[in-house]
Amino acid sequence: MIDPSILLIGFGLGLRHAIDPDHVVVVSALARDEASAWRSVRVAALWGAGHTASLLGVGLLIVLAGVRLPALFERVAELLVAALLIGLGLWTLARSRSNAPASPARHRTSGSAARSFAVGVVHGLAGSAAIVLLATTSLASPWISAAYLGLFGLGTIMGMVALTLAMAWPLHWTTRRGGRIERSVDVIAGALSLALGVAMLYGPG
């Protein structure tokens with residue numbers, strides 16, 4: 001019989017996982033370029049869906065099919081996330097130097113849905129091996145492990161949506177204000193993204 005508390009732990013850890021610094025930095029940057037708070041929430045949900053898709057893909061291959069990941073898999077995934085964070089940081093810093101005032105056209109970027117999902121997929125790959133290892137070593141059945149991973153992914157989606165909903169108003173307030181306030185936020189966000197990316201790039205691995 002499945003102990004519900006085990007599955008609830010998976011859901012709770014997914015909620016906690018959503019607020020990892022690299023997740024928050026990337027999703028807030030993606031969400032800030034949307035035209036409304038609700039479109040920002042959609043970006044967060046799509047990021048979470050991509051994250052869950054890659055996590056479940058890797059997890060089910062391991063717990064149900066017995067596939068073994070190469071030793072370098074986790075490090076390569078981390079390097080991809082580091083490159084993404086560095087690129088995002090440089091782009092945000094470059095944008096902050098622009099003297100052009102904010103305009104609604106800036107926030108109606110094409111392909112935002114696909115981009116948000118793809119970024120989520122990359123983030124889901126980084127860290128997936130450790131999450132799956134925890135599930136497989138702590139739970140008796142592969143099917144329980146699969147359910148645990150599914151609830152972990154659901155928690156991640158819901159956590160990121162809730163966090164983005166809370167951040168949406170201040171993010172869009174700075175965008176509407178424009179000028180020095182918007183540039184200052186861009187500088188802070190870009191520097192933070194760049195610092196996180198460099199830390200991942202040169203971190204242990």
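User: Is Glu78 buried or partly exposed?
Analyst: A residue is called buried under 20% relative accessible area, exposed over 50%, and partly exposed in between, using a 1.4 Å probe and protein chains only. This is a predicted model, in which local features need pLDDT of at least 70 and side-chain atom pairs count only at pLDDT 80 or more, while totals for chains, interfaces and linings use all residues. Residues are numbered from 1 along each chain as its sequence is written, and side-chain values use heavy atoms, with hydrogens and water left out. The relative accessible area of Glu78 is 23%, so Glu78 is partly exposed.

User: Which residue forms a salt bridge with Glu78?
Analyst: A salt bridge needs a side-chain nitrogen of Lys or Arg within 4 Å of a carboxyl oxygen of Asp or Glu. For Glu78 the N to O distance of the pair is 3.2 Å, and the partner is buried, with a relative accessible area of 18%. That partner is Arg75.

User: How far apart along helix α4 are Arg75 and Glu78, in helical turns?
Analyst: Helices are DSSP runs of H or I with at least four residues, strands are runs of E with at least two, and both are numbered from the N terminus. An α-helix has 3.6 residues a turn, so residues three or four places apart point the same way. Arg75 and Glu78 are three residues apart in helix α4, and therefore their separation is about one helical turn.

User: What is the distance between the end C-alpha atoms of α4?
Analyst: The expected span of a helix is 1.5 Å times one less than its number of residues. Because α4 has 24 residues, it should span 34 Å. The value in the model agrees with this, the end C-alpha atoms being apart by 35 Å.

User: What is the N to O distance in the salt bridge between Asp20 and Arg16?
Analyst: The structure holds two salt bridges, one of them joining the side chains of Asp20 and Arg16. Asp20 counts as buried because its relative accessibility is 19%, whereas Arg16, at 47%, counts as partly exposed. The N to O distance between Asp20 and Arg16 is 2.8 Å.

User: How far from Asp22 is the nearest side chain of opposite charge?
Analyst: Lys and Arg count as positive and Asp and Glu as negative, while His and the chain ends are not counted. Asp22, in helix α2 (residues 21-32), is buried yet has no salt bridge. The nearest side chain of opposite charge belongs to Arg16, at a distance of 8.3 Å.

User: What C-alpha distance separates Gly197 from Asp22?
Analyst: Gly197 lies in helix α8 (residues 179-201), and it is buried because its relative accessible area is 0%. Contact means heavy atoms within 4.5 Å, and, leaving aside neighbours within four places in sequence, Gly197 is in contact with Ala82, Leu85 and Ile86. Gly197 and Asp22 are 175 residues apart in sequence, but in space their C-alpha atoms are separated by 8.2 Å.

User: How far apart are the C-alpha atoms of Leu84 and His123?
Analyst: Leu84 lies in helix α4 (residues 73-96), and with a relative accessible area of 22% it is partly exposed. Beyond its neighbours within four places in sequence, Leu84 is in contact with Val26, Val119 and His123. Leu84 and His123 are 39 residues apart along the chain, and their C-alpha atoms are separated by 9.5 Å.

User: What accessible area do Leu79, Val198, Leu201 and Tyr202 have together?
Analyst: Patches are made of residues with over 30% relative accessible area and no salt bridge, with like charges joined within 9 Å and nonpolar side chains (Val, Leu, Ile, Met, Phe, Trp, Tyr) within 5 Å. Leu79, found in helix α4, is partly exposed at 33%. Accessible areas come from the Shrake-Rupley method with a 1.4 Å probe, and for residues only the protein chains shown count as cover. Together, Leu79, Val198, Leu201 and Tyr202 form a nonpolar surface patch with an accessible area of about 370 Å².

User: What percentage of the residues in the protein chain is buried?
Analyst: The secondary structure of the protein chain comes to eight helices and zero strands. Of the contacts with a separation of 6 or more, 87% join residues 24 or more positions apart. Among the 205 residues of the protein chain, the buried share is 40%.
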